[in-house]
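Please look through the structure shown here before reading on.

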Amino acid sequence: MIRFEHVTKRYPDGTTAVDDLSFEVAEGELVTLVGPSGCGKTTTMKMVNRLIDPTEGRILVDGEDIAGVDPVKLRRRIGYVIQQVGLFPHKTVLENTATVPQLLGWSRRKARERAAELLDLVGLDPAVHGDRYPDQLSGGQRQRVGVARALAADPPVLLMDEPFGAVDPVVREHLQSEFLRLQRQVRKTVLFVTHDIEEAVRLGDRMAVYGAGRVEQFDTPATVLGAP
Ligand code: ADP
Ligand code: ADP
């Protein structure tokens, strides 16, 4: 579903953030990208939805070289969740979640129905949380709204960049379990960045273990943990 072929990214200042990356993520697979800060995980993600483009090599999504795909169209197929989810502060949770369906041309009523379904899917009660504003939610709840919003257009691919990085450990564990349950229902192709090895092991069908700019191991958690 996502294929990296000899992908290298050099930033204009000469930093090589990613060096000759090649791996493939199957449809419905959740791959965690794990490694210390600065090793190229976020750069890898940003190239998939064309926030930045590779210097060399190519990336295929669903068999298609994304270099030729309009970034706006590409992003309809790819949900993106980051650590500091940017919710619209003056819109309610329901309105925030309904934004994407409305942009896709759904009627206001249909979009709100869809938003309520999505909130329910991520473990928020639309009747309780739907009319709140983002600053009336806990950090964990805001991240859930971020996940709901990313799922709104039903994209086959989800990019998650340390989505649970800013919440405390107890809440994080809770969000991880919920996310696993959700993933079993929706079966998205997921790239999930974390610097937390336990999170990478727990969530990943396979793990891409980064060292400076390169993937040093790409395998199941059991194999990675069992490796010498
Ligand atoms: P990670 O997500 O693993 O923390 P990044 O992909 O953010 O790593 O960064 C990889 C490397 O690229 C780091 O050395 C970082 O400083 C550098 N880098 C990231 N963004 C830029 C940029 N816009 N310009 C120059 N260097 C950058
Ligand atoms: P979570 O496990 O989702 O992170 P928390 O334990 O942080 O939840 O929050 C518990 C409850 O407190 C939630 O029902 C949330 O709505 C409420 N809450 C947290 N912060 C605020 C706030 N700033 N204003 C109103 N309610 C809040």
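What follows describes the ligand shell and then several salt bridges.

## About the model

This is a predicted model, in which local features need pLDDT of at least 70 and side-chain atom pairs count only at pLDDT 80 or more, while totals for chains, interfaces and linings use all residues. Residues are numbered from 1 along each chain as its sequence is written, chains are lettered from A and ligands numbered from 1 in the order in which they are written, and side-chain values use heavy atoms, with hydrogens and water left out.

## The shell around ligand 1

The residues near ligand 1 (those with a heavy atom within 4 Å of it) are Y11, D13, T15, A17, P36, S37, G38, C39, G40, K41, T42 and T43. Sorted by class, this shell has four nonpolar, six polar and two charged residues, where Ala, Val, Leu, Ile, Met, Phe, Trp, Tyr, Cys and Pro count as nonpolar, Asp, Glu, Lys and Arg as charged, and the others, Gly among them, as polar. Helix α1 (residues 41–48) gives the most to the shell, with three residues; helices (H or I, at least four residues) and strands (E, at least two) are DSSP runs, numbered from the N terminus.

Oxygen atoms of ligand 1 lie 3.1 Å from a polar backbone atom of C39, 3.0 Å from a backbone N or O atom of G40 and 2.9 Å from a polar side-chain atom of K41. Taken alone, ligand 1 exposes 560 Å², and the protein buries 62% of that, with areas from the Shrake-Rupley method and a 1.4 Å probe.

## Salt bridges

The count comes to 13 salt bridges, each being a side-chain nitrogen of Lys or Arg within 4 Å of a carboxyl oxygen of Asp or Glu. In one of them, the side chains of R58 and E5 meet at 2.7 Å, N to O. R58 lies in strand β4 (residues 56–61) and E5 in strand β1 (residues 2–10), so the pair ties together parts that are 53 residues apart in sequence. R58 is partly exposed at 36% relative accessibility, whereas E5 is buried at 18%; buried means under 20% relative accessible area, exposed over 50%, and partly exposed in between (1.4 Å probe, protein chains only). R3, E5, E24 and R58 are linked in a network of salt bridges.

Another salt bridge joins E113 and R109, with the closest N and O atoms 2.7 Å apart. Both residues lie in helix α4 (residues 108–121), four residues apart, about one turn of the helix.

Terms used. Polar contact = N/O pair within 3.5 Å; in protein donor to acceptor, adjacent residues only side chain to side chain.
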